[in-house]
Amino acid sequence: MAGADTSLQPSPKKAPSPKGDEEGVIVCPYCGDNVPSLVPVAAGMKIGLQENAQLSAVPDTVCAGCYSILTKMVSKGAALRAQQQAKEQNRLMLWRNRVNLVKKAKELLAQKSYAESAVQYEKYLRVLELVYDKKPGELSPELFASGSRQQEMTVVASVYWDLMRIYDQSPRYKDRQMTAAKKLAEFARFTPIFPHIMRKAEGLSRTGKNADVYRFFVKASNKNRPRCFIATAAFDGYESPTVTDLRQFRDRVLRRSRCGRIATRLYYRVSPRLAGWIDRAPSPLRAVLRQALRFVAALTRPLASSPRSFQEKPAIKRRENSQ
Ligand SMILES: [Zn+2]
């Protein structure tokens, strides 16, 4: 190793081998071969090599052969990193751009450029699939369950809904329309636009070109349909405790009497429109409504748990509670 010390000089050719009997022969500290000269390994190159876990302790100088191998390793690692970085960047760019895709699609739809609009919408869905590492058609509501992603879920639902209507242009697109309908049936009930979509879909299941696709959608969605429209709209969802309380009150108390059933039916006639209005209402107003509904739910809770005592009371009381 003593020979290696002298070879630290930039031009090792001139460095004499202090102890060696064979004059001008240097040992490469990396491969151990006898070589005519050594080349210094630059600090930047060493850092690049340190990122390669398979390499340990690269000496300060190596022979020309080792140097060229190490250079290739550095550039290979850098290329791989650059590739990965580009992929990530591409993903990020797509993610940021997705909003523009939806905007563009809506514009095109407004201009009645249906085919172009559908292309933009489908692109948006592809972006989501890419970002969430999903195969085509594999987006699911669970991906958007966390609070910050709920808004995206509403966008996804509105995209499937627009696609459904675009593909209704012709029986040729029925397959695509059905695909959108199936996905929408999965997503819609978790979003505040659900009452609006259901109302429209029910109309289109009579007047649409591919009316049976709408009928399929309505049927599939009805399986888990939230009926407390107002509460659902105020709470942005179906699963909150207040909504559950009100639902139980409807099922356990109101449905058991004729007046209760009439009150329920009346409520369902007016509530989708009200719910749509609540959807667009400013959030302070919704907060007030939430408080009111919590209060009503608290009132109904004991009634729902002991329905018999309630049945003896007059029906007017029930109507108040159902509002
Ligand atoms: Zn070497």
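User: Hi! What kind of model is this, and from which number does residue numbering start along each chain?

Analyst: This is a predicted model, where local features need pLDDT of at least 70, side-chain atom pairs count only at pLDDT 80 or more, and totals for chains, interfaces and linings use all residues. Along each chain, as its sequence is written, residues are numbered from 1.

User: Are α6 and α8 roughly parallel or roughly antiparallel to each other?

Analyst: The axes of α6 (residues 174-187) and α8 (residues 211-222) come within 9 Å and cross at roughly 15°. Angles under 35 degrees count as roughly parallel, over 145 as roughly antiparallel, 65 to 115 as roughly perpendicular and the rest as oblique. The two helices, α6 and α8, are therefore roughly parallel.

User: How do the residues of the contact of α6 with α8 divide into nonpolar, polar and charged?

Analyst: From α6, K174, Q177, M178, A181, L184 and A185 meet V213, F216, F217, A220 and S221 of α8; contact requires C-beta atoms, placed from the backbone, within 7 Å. Ala, Val, Leu, Ile, Met, Phe, Trp, Tyr, Cys and Pro count as nonpolar, Asp, Glu, Lys and Arg as charged, and the others, Gly among them, as polar. The contact of α6 with α8 divides into eight nonpolar, two polar and one charged.

User: Which helices do the buried residues of α5 pack against?

Analyst: Helix α5 covers residues 150-166. Its buried residues include M153, V156, W161 and I166; a residue is buried if 20 or more other C-beta atoms, placed from the backbone, lie within 10 Å of its own, exposed if 12 or fewer, and partly exposed in between. The buried residues of α5 pack against α3 (64-110), α4 (114-131), α6 and α7 (194-207).

User: Which residues does L101 touch, not counting those up to four places away in sequence?

Analyst: L101 is found in helix α3, and with 20 C-beta neighbours inside 10 Å it counts as buried. L101 and S117 are 16 residues apart in sequence, with their C-alpha atoms 9.2 Å apart in space. Beyond four places in sequence, L101 touches Q120, K123, Y124 and V127.

User: And what separates the C-alpha atoms of Q169 and A115?

Analyst: Q169 lies in the loop between α5 and α6 and is partly exposed, with 14 other C-beta atoms within 10 Å. Leaving aside neighbours within four places in sequence, Q169 is in contact with Y114 and K209. Q169 and A115 are 54 residues apart along the chain, and their C-alpha atoms are separated by 9.8 Å.

Definitions and conventions. Axes fitted to C-alpha atoms, helices over the stretch in contact; angles between N-to-C directions. Helix = DSSP H or I, 4+ residues; strand = E, 2+ residues; numbered from the N terminus. Contact = placed C-beta atoms within 7 Å. Expected span 1.5 Å × (residues − 1).
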